[in-house]
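Please look over the protein shown here with its charged side chains in mind.

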Amino acid sequence: MAFELLVGEAFRRQGYSVTENGGDRGPDGGVDLVLRKGGEKFFVQCKQWKAFSVGVGVVRELYCVMAAHGATGGFVVTSGNFTNDA
């Protein structure tokens with residue numbers, strides 16, 4: 001949870017209002033943060049994996065949740081790496 005709070009603070013410093021969700025929606029679209037700025041809504045998934053790569057499935061999952069809930073955009077933030085497909 002500390003990683004999500006740090007990411008949220010970084011977005012606040014860029015002018016977003018940030019709501020922490022806790023990411024409890026599970027594997028079908030857990031959104032850790034909801035951002036709002038200029039009348040637009042953005043979703044953030046935080047993945048704090050030390051020796052793990054974020055795959056394309058995470059990106060697709062976020063896109064589906066964005067589409068279903070009318071978000072303008074989204075961010076996947078990781079402390080690890082992204083696969084080439086992602």
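Which residue forms a salt bridge with Glu20, and how far apart are the closest N and O atoms?

## Salt bridges

The model is a predicted one. In it, the partner of Glu20 is Arg12, and the closest nitrogen and oxygen atoms of this salt bridge lie 2.9 Å apart. Side chains of opposite charge can pair when their charged atoms come close. The salt bridges counted in this model come to three, and they link Glu9, Arg12, Arg13 and Glu20 in a network.

Glu9 takes part in a salt bridge with Arg12, where the closest N and O atoms are 3.9 Å apart, a value that falls within the 4 Å cut-off for a salt bridge. Glu9 also forms a salt bridge with Arg13, with 3.1 Å between the closest N and O atoms. Because Glu9 and Arg12 are three residues apart in helix α1, which covers residues 2-12, about one helical turn separates them.

## Exposure of the charged residues

## Overall fold

The protein chain contains two helices and six strands, and these follow one another along the sequence in the pattern α-β-β-β-β-α-β-β. Among contacts with a sequence separation of 6 or more, 52% are made by residues 24 or more positions apart.

Of the 86 residues in the protein chain, 35% count as buried. The chain exposes about 5,200 Å², and carbon and sulfur atoms supply 51% of that area.

Val59 belongs to helix α2, which spans residues 56-69, and with a relative accessibility of 30% it counts as partly exposed. Once its neighbours within four places in sequence are left aside, Val59 is in contact with Val76 and Ala86.

How far apart in space are Val59 and Phe75, C-alpha to C-alpha? The distance between their C-alpha atoms is 8.6 Å, while in sequence Val59 and Phe75 are 16 residues apart.

Technical notes. Residues are numbered from 1 along each chain as its sequence is written. This is a predicted model: local features need pLDDT of at least 70, side-chain atom pairs count only at pLDDT 80 or more; totals for chains, interfaces and linings use all residues. Side-chain values use heavy atoms; hydrogens and water are left out. Helices (H or I, at least four residues) and strands (E, at least two) are DSSP runs, numbered from the N terminus. Buried means under 20% relative accessible area, exposed over 50%, partly exposed in between (1.4 Å probe, protein chains only). Contact means heavy atoms within 4.5 Å. Accessible areas come from the Shrake-Rupley method with a 1.4 Å probe; for residues, only the protein chains shown count as cover. A salt bridge is a side-chain nitrogen of Lys or Arg within 4 Å of a carboxyl oxygen of Asp or Glu.
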